[in-house]
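Subject: Handover of a structure

Dear colleague,

Please find below the sequence and structure that I am handing over to you. A description of what was found follows directly after them.

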Amino acid sequence: MKARALVAWNVRRIRVDRSISQERLAYDARIDRSYMGGIEQQSQNPTIDILERIAETLDCHLSEFFLQPPKGVPPPKTLRKGRKPARLRRRTK
């Protein structure tokens, strides 16, 4: 796996494991939300300073962004879209 893909994979994995939205992570790390999305989509090439801010925000060591995932592990899932909690649908008779 190339370095940019590895960073994207691990940033998303850690972010989703901690239930943090891209928007929240970007705000707390003082970077633009679309740039944060670009990092996870591998379209942006972040500097070491940006990665360091993201690591501090996620409370992890920078080296965690470069851990190779085990073979066969599916990509990290995304968080549920939207800001409102899911509501139960009413059954109609």
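**Findings**

Q42 has its place in the loop between α3 and α4. Its phi is near 65 degrees, a positive value in a residue other than glycine. Q42 counts as partly exposed because its relative accessibility is 38%; buried means under 20% relative accessible area, exposed over 50%, and partly exposed in between, with a 1.4 Å probe and protein chains only.

Before going further, please note that this is a predicted model, in which local features need pLDDT of at least 70 and side-chain atom pairs count only at pLDDT 80 or more, while totals for chains, interfaces and linings use all residues. Residues are numbered from 1 along each chain as its sequence is written, and side-chain values use heavy atoms, with hydrogens and water left out.

**Overall arrangement**

The protein has four helices and zero strands, and along the sequence the pattern reads α-α-α-α. Helices (H or I, at least four residues) and strands (E, at least two) are DSSP runs, numbered from the N terminus. Of the 93 residues in the protein, 33% are buried. Among contacts with a separation of 6 or more, 62% are between residues 24 or more positions apart; contact means heavy atoms within 4.5 Å.

**The nonpolar core**

In soluble globular proteins, nonpolar side chains tend to be buried together. Which residues have the most contacts inside the largest nonpolar core? They are V11, L25, I31, M36, I54, L58 and F65, in a core of 17 residues. A nonpolar core is a set of buried Ala, Val, Leu, Ile, Met, Phe, Trp, Tyr and Cys residues joined through side-chain atoms within 4.5 Å. The elements giving two or more residues to this core are α1 (3-17), α2 (22-29), α3 (33-40) and α4 (48-58). The most comes from α4, which gives five residues.

Apart from neighbours within four places in sequence, I54 is in contact with V11, L25, A29, I31, M36, I39 and F65. L25 lies in helix α2 and counts as buried because its relative accessibility is 0%. With neighbours within four places again left aside, L25 is in contact with V11, R15, I20, M36, I54, T57 and L58. The C-alpha atoms of L25 and M36 are separated by 8.0 Å, and the two residues are 11 apart along the chain.

**How the helices pack**

Two packed helices are described by the angle between their axes and the distance between the axes. Here, axes are lines fitted to C-alpha atoms, for helices over the stretch in contact, and angles run from 0 to 180 degrees between N-to-C directions.

The axes of α1 and α4 come within 11 Å and cross at roughly 20 degrees. Therefore α1 is roughly parallel to α4, since angles under 35 degrees count as roughly parallel, over 145 as roughly antiparallel, 65 to 115 as roughly perpendicular and the rest as oblique. The contact is made by V7, V11, I14 and R15 of α1 and L51, I54 and L58 of α4. By class, the contact of α1 with α4 has six nonpolar, no polar and one charged residues. Ala, Val, Leu, Ile, Met, Phe, Trp, Tyr, Cys and Pro count as nonpolar, Asp, Glu, Lys and Arg as charged, and the others, Gly among them, as polar.

α1 also packs with α3, at an angle of about 115 degrees and with axes 7 Å apart. V7, A8, V11, R12 and R15 of α1 make this contact with M36, I39 and E40 of α3. By class, five nonpolar, no polar and three charged residues take part in the contact of α1 with α3. The buried residues of α3 are M36, G37, G38, I39 and E40, and they pack against α1, α2 and α4.

Is R15 buried or exposed? R15, found in helix α1, is buried because its relative accessible area is 4%. Not counting residues up to four places away in sequence, R15 touches I20, S21, Q22, L25, E40, L58 and L79.

R30 is found in the loop between α2 and α3 and is exposed, with a relative accessible area of 60%. Most residues other than glycine have a negative phi. R30, although not a glycine, has a positive phi of about 65 degrees.

Yours sincerely
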